[in-house]
Amino acid sequence: MRKNKMAAVLLLMLCLFYVSGSTVYGASLPPEKVGLSGEELQYMQSKKVLKVAILPNWKPFFYTGSRGEYEGLPVMILNRLAEETGVSLVFVPTKTYHESLELLKTGEVDLVGTLTEYSGRSAAMLQDSTLKMVPYLQTQAVLIQHKNTNLAKIPVVTLADLVGRQEVTRNQNVATIYYESPQECLNAVRCKQVELSICDSFTGAAWMQRYEAKDMLSIPVNMTMELGFGVLPEADSRLTGSLQKTIANFSNGDMTRSLIAGSDYGSDNLMEFIYRYPFEIVCFMASIMFVAALGLITYTKVNVSQHQALQGYEESYRLLSDTFGEAGVEYDYLNDTLTIFGEHSNLDTSPRVEGFKEMLQNRTVRVALTAEEFERIILNGAENRSFSTEFQCGVKSGEWVWYRLIYTVICTTESHRRPIRLVGCLTNVNAEHAEKERLLQLSSNDQLTGLLNRKTAQERIRVLMEEDPTHTGILAILDIDYFKKFNDQRGHLCGDDVLRSLGQTVLEIFDPEDVLCRWGGDEFLFFLVDDQKNEGLVAMKMEQLRQRMSSYQYMDEHCPVTLSIGGAKNFGCTFDVLFQQADDALYLAKENGKDQFWLCAPTQQNPVKPIERETR
């Protein structure tokens, strides 16, 4: 009878595993064209072969698929680039992270598949680097720690890190020991050869799924890590530009699905199965076993462990704040008291604040939170082992600065799961917010000229025309005459400088509300949106632009640049019709001798007429 019951239990466990283990992710849409420029596409096609150094056993970024092929997020990005350009990919496996970097420095490969850097470190923390990164992912750094390690009792903490990676800290209480691969770093913590290992959150999450990591803890720290392709500083800008555009072609959902797929180590045995699916097994057993006895055992275990962990959490966060953060934070929920500790704190706030929530409500403390928002932060933290949030705080210089708080909220069963204390680390992320704004601008602007890129400009023009069909703006298409001679006679650097100079001159002459765009190659498109602009004013600005570029100099040598420009005035038509009319005007400007501006009139009787310009 007992054997029959055990068989039924195992059968139900297997059923629950297959039902609960099926996860449906949203299907990704077919990717759009990467949108490489003609120069970038030509360069990649002429290169033919792209050699990439990889560390094969680095889940979830690189791993071997079921058919023996390499898979992972960097492989997905490079395969997309290969489809777009026809270039062949050659993956060169290496045994260590350092070996991959050395192959790149000696020119044996074109790229390193995964280069990691710590973001937000001071200049004194960084080592001299001979490499350049094209980032594809930014994520939080985590520390992997053994559960039985008490950092508060260790005078000098040993930290495992990769050979070849920049130094993360110079704290005299932290000694770094270098290993060859992420796997060796994590195994060193498991075997207690070191106390801590630092890695990105995705590598840590993949590792923590394994049965070998059952006695490990993952603790987020106040530092971010960037991962990307490594290239030499002198690498051709067309290669880095192609990589950046290919990376931008993928959504966050695409990248997340790839990283989730790469995080799965599989379940090779019963212990691995139990470790990977504890929730399903606990739910199943709870429906059969005696609920009262199980509840009593769980209550006693949680009660004891939480009391023991309270002091350990505080000591750990104090050490981590001194090493990786700017300040430590401790909030006593029952007494409404905030304590700020740490030798690097620059906050314009007293070290101990009584009645903190009341001061938030009355705006008498320089923290950009309301009492309700702070209460929500605590409740969110109570639902998780660790949590993070960002907000602004006043600093001693009088400014407001963005900070990230990574924290844990501690509850006890005596308080009926009510929070009793919050402990965490606070770090300055002002530079990170500025970088996000810079990247947002880069995604909508052409990097060489500073003007809008084609996609962004087209969207803005269509919105303007749809919002007001009677808008009388003027669309102009500009083409540089004989642009090829600059590249052929003086090199591509001269050609780039001509484009850069033209972009700067356009920004100086035209108004900020105008839509100014590099359409592609040596072709530019302008949409002059001010209703007060008339043909004479437009002609004057085009002549001013033509004259300034005719005085262009390269390396102190006069190299006149001539421009052919065609324009069309909007009369309630669609963008495609207006573009075709401007393009027809550009054609006539070229046919009639180039270096001039023609404007298409909004009537069929007089389709195109030239605009008079001053004689040089």
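The model is predicted, and residue numbers count from 1 along each chain as its sequence is written.

**The open sheet**

Six strands make up an open sheet, in which the order is S13-S12-S11-S16-S15-S14 and the pairing is antiparallel. Strand S13 (352-354) and strand S14 (387-394) stand at the edges with a single partner strand each, so one side of each has no neighbour in the sheet. From one strand to the next, the twist averages 25°. Within this sheet, strand S11 (residues 327-332) and strand S16 (residues 419-428) run antiparallel and are joined by six bridges. At one of these positions, Asp 332 has Arg 421 in S16 as its bridge partner. In general, the strands of a sheet pair through backbone hydrogen bonds, and the pairing can be either parallel or antiparallel.

**Two crossing helices**

Helix H15 (residues 454-467) and helix H19 (residues 575-591) have axes that come within 10 Å and cross at roughly 115°. Angles of 65 to 115 degrees count as roughly perpendicular, and H15 and H19 are therefore roughly perpendicular to each other. On the side of H15 the contact is made by Gln 458, Ile 461, Arg 462 and Met 465, while H19 contributes Phe 575, Asp 576 and Leu 578. Sorted by class, the contact of H15 with H19 has four nonpolar, one polar and two charged residues. As a general point, an α-helix has 3.6 residues a turn, so residues three or four places apart point the same way.

**Helix H5 and its surroundings**

In helix H5 (residues 182-190), the buried residues are Pro 182, Gln 183, Cys 185, Leu 186, Ala 188 and Val 189. The elements that cover the buried residues of H5 include strand S6 (132-146), strand S7 (157-162), strand S8 (174-179), strand S9 (196-200), helix H6 (201-208) and strand S10 (216-231). After H5 comes Lys 192, whose phi is positive, near 65°.

**Cysteines**

With a disulfide taken as a pair of cysteine sulfur atoms within 2.5 Å, the count comes to zero disulfides. Cys 573 is in no disulfide, and the nearest cysteine sulfur, that of Cys 600, is 9.1 Å away.

| Residue | Relative accessible area | State |
|---|---|---|
| Cys 425 | 4% | buried |
| Cys 573 | 15% | buried |

Notes. Predicted model: local features only at pLDDT ≥ 70, side-chain atom pairs only at ≥ 80, totals over all residues. Heavy atoms only, no water. Pairing = 2+ DSSP bridges. Helix = DSSP H or I, 4+ residues; strand = E, 2+ residues; numbered from the N terminus. Axes fitted to C-alpha atoms, helices over the stretch in contact; angles between N-to-C directions. Buried < 20%, exposed > 50% of the residue type's maximum accessible area, 1.4 Å probe, protein only. Parallel < 35°, antiparallel > 145°, perpendicular 65-115°, else oblique. Contact = heavy atoms within 4.5 Å. Nonpolar A, V, L, I, M, F, W, Y, C, P; charged D, E, K, R; others polar.
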